[in-house]
Amino acid sequence: MRMSAPTRSEIAEANRRRYEALRAAGQDAAPKALPPATALDGAPVADTAVIAREEVPFGWYTTVPMKRGEALRIVDGSGRSSVSVIGWRAADASERLNCADTAKVQWSAALSKGRVILTDMGRVFLSLIEDTSGAHDLLVGGSTPESMLAAQGGTTRNTRDNFLAAASKLGLGLRDIAPCVTFFAPVSVDAGGRFVWNGHAKKAGDFVDLRAEMDLTLVLSNCAHPLDPAPATAGGPIAVLRHRVPPTAKDDVCRTMSPEIARAFDFTDRLYA
Amino acid sequence: MPDPSTAIHVEEVPAERPWSRVLKRGQTLRIVDIEGQQAVDALLYCLDVPGERYSAQDTLRTQGSAYLALGTKLVSNRGRVMASITADTCGQHDTSAGCCSCESNAVRFGEATRYQHACRENFILELAKHGLGKRDIVPNLNFFMNVPIDPSGNFTVVDGLPGSGHYVDLTAEMDVLCVISNCPQVNNPCNGFNPTPVRVLVWDPPAPGGTGLAKE
């Protein structure tokens with residue numbers, strides 16, 4: 001039996017082995033376990049489950065308070081919009097949707113059905129329980145006055161200004177607006193590090209269902225993504241449907257995606273224990 | 001290239017510790033990875049209106065690519081250039097992976113790692129000196145941290161560039177508060193599993209006409 005404490009280099013080697021094992025699991029087993037995309041005519045919402053419906057015109061935003069266990073369906077009916085989303089935990093706006101931890105913890109910048117979006121506090125913010133698209137952006141963010149000026153020679157409604165307006169109406173401000181996730185924005189990174197817009201991955205009627213895993217507030221901005229080469233005025237309205245879903249089961253596909261995400265769910269449950 | 005003997009400030013930041021300083025427009029900050037494979041997390045705030053701060057997404061959107069490099073303009077959340085990368089011997093820097101925190105460590109590496117020092121602890125302590133707090137922390141710059149993103153989206157912290165003495169220079173294009181955390185992470189390869197000190201140097205801008213040519 002070993003009597004001495006492990007040396008610094010032995011600890012480092014053990015940590016490296018653990019990291020490599022986690023990486024292999026996170027980039028091999030977890031992606032294989034992801035469910036297929038939702039069909040465009042799949043996952044109907046019963047009228048009795050609907051809490052609220054709204055249509056948001058192109059270029060505009062909406063603010064959506066959600067209780068844990070509700071879901072939000074966002075539908076890009078025209079297939080020409082992208083929807084940028086930020087949000088805060090209802091009880092503490094310093095806890096917020098965090099793109100960096102979302103990618104890092106899941107070993108992937110690609111969001112699709114079965115993935116989750118985390119807060120900066122090691123908790124699950126939203127689960128992607130339905131998704132027809134699997135083509136979303138965590139890296140580039142939404143449109144801004146500068147991006148609109150560059151795209152079409154004039155400034156128009158844009159996501160940065162939308163977020164600022166929405167945040168301000170909640171008593172929040174510039175310092176509370178973190179990087180956003182943008183749905184229906186098929187962005188990838190090529191071998192040279194350049195961003196690529198995969199426009200063929202957008203379809204009319206694409207939708208996502210985001211299940212709130214804590215009481216939270218979301219802001220949605222319906223604008224063209226800054227990498228979308230289509231004319232920046234070409235988008236359509238989005239439909240937003242808040243509805244009730246069954247409680248997150250222990251064997252929920254999002255919850256069981258990886259040991260990391262299972263822990264994030266456990267830590268989230270502690271808020272409500 | 002600035003001459004280290006003309007720096008107005010030179011300081012060693014111990015392993016695992018934070019540091020901050022105001023950089024006036026035109027001043028250059030050099031961060032030296034003394035021993036190699038040491039990640040340095042950094043944030044920038046506009047001195048006049050600290051609600052305006054470094055924005056990873058605005059920076060990446062503006063340059064159209066996912067990694068920081070020589071010439072990258074570091075852009076604020078209001079679309080203004082805060083600083084530029086004016087020298088770089090490393091070429092591997094990230095701005096999509098954020099900083100480590102006790103909370104994300106616990107998720108990634110297990111509950112026991114919640115009680116290890118982390119960059120966000122450093123940022124909170126250093127930001128408090130300037131009247132700022134957790135609310136002001138956004139996904140940051142990660143110098144000397146190599147996080148390749150492949151076309152499928154795979155996103156991995158891998159070994160940093162080996163070799164001692166790599167450095168990166170930031171030249172301020174407005175008056176900024178620069179806050180750094182010399183990363184304490186021991187659970188992934190960003191510090192070679194062994195956090196080490198880094199050195200910071202600050203230079204004033206070259207004097208007008210200081211181009212090496214004789215003045216009239």
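**Figure 1. Strands β3 and β13 of chain A, side by side in a sheet.** In this predicted model, strand β3 (residues 70-76) of chain A runs antiparallel to strand β13 (residues 238-244) of chain A, and seven bridges join the two.

Figure 2. How many of the residues of α2(A) are buried? The count is eight of its eight residues, so the helix is mostly covered. Going along α2(A), the buried residues are Cys99(A), Ala100(A), Asp101(A), Thr102(A), Ala103(A), Lys104(A), Val105(A) and Gln106(A).

**Figure 3. Trp107 of chain A, just past the end of a helix.** Step off α2(A) and you land on Trp107(A), which takes a positive phi of about 60 degrees. That is a positive value in a residue other than glycine. Trp107(A) sits in the loop between α2 and β6 of chain A.

**Figure 4. Where chain A meets chain B.** Here 47 residues of chain A are in contact with 40 residues of chain B. Which elements of chain A supply at least two residues each to the side that touches chain B? They are α1 (8-33), α2 (99-106), α3 (145-152), β9 (187-189) and α5 (259-269). Sorted by class, this side of chain A has 23 nonpolar, twelve polar and twelve charged residues.

Figure 5. Chain B has three helices and ten strands. Follow the sequence and they come in the pattern β-β-β-β-α-β-β-α-α-β-β-β-β. The radius of gyration of chain B is 17 Å, close to the 17 Å that the globule rule gives for 216 residues, so chain B is as compact as a globular protein of that length. The C-alpha trace of chain B spans about 65 × 35 × 35 Å along its principal axes. Of the 216 residues in chain B, 52% are buried. Take the contacts in chain B between residues at least 6 apart in sequence, and 75% of them join residues at least 24 apart.

Figure 6. Strands β2, β9, β4 and β7 of chain B form an open sheet in the order β2-β9-β4-β7, with antiparallel pairing. At the edges stand β2 (18-23) and β7 (141-143) of chain B; each has a single partner strand, so one side of each goes without a neighbour in the sheet. From one strand to the next, the twist averages 25 degrees. Within the sheet, β4 (residues 40-46) and β9 (residues 176-182) of chain B pair in the antiparallel sense over seven bridges. One pairing to look for is Tyr45(B), whose bridge partner in β9(B) is Leu177(B). Helix α3 (residues 119-128) of chain B packs on this sheet, touching β2, β4 and β9 of chain B, and its direction makes about 145 degrees with that of β9(B).

**Figure 7. The buried face of helix α3 in chain B.** Which residues of α3(B) are buried? Look for Cys119(B), Arg120(B), Asn122(B), Phe123(B) and Leu127(B). Seen down the axis of α3(B), these buried residues fall within an arc of 155 degrees, so they line one face of the helix. In general, an α-helix has 3.6 residues a turn, so residues three or four places apart point the same way. The cover over the buried residues of α3(B) includes β2, β4 and β9 of chain B.

**Figure 8. Phe144 of chain B, a buried loop residue.** Phe144(B) lies in the loop between β7 and β8 (166-172) of chain B. Its phi is near 65 degrees, a positive value in a residue other than glycine. Phe144(B) is buried, with 26 other C-beta atoms within 10 Å.

Methods. Residues numbered from 1 in each chain as written. Chains lettered and ligands numbered in written order. Predicted model: local features only at pLDDT ≥ 70, side-chain atom pairs only at ≥ 80, totals over all residues. Contact = placed C-beta atoms within 7 Å. Helix = DSSP H or I, 4+ residues; strand = E, 2+ residues; numbered from the N terminus. Nonpolar A, V, L, I, M, F, W, Y, C, P; charged D, E, K, R; others polar. Pairing = 2+ DSSP bridges. Axes fitted to C-alpha atoms, helices over the stretch in contact; angles between N-to-C directions. Buried ≥ 20, exposed ≤ 12 C-beta atoms within 10 Å, placed from the backbone. Arc of directions from axis to C-beta. Rg over C-alpha atoms; globule rule 2.2 N^0.38 Å.
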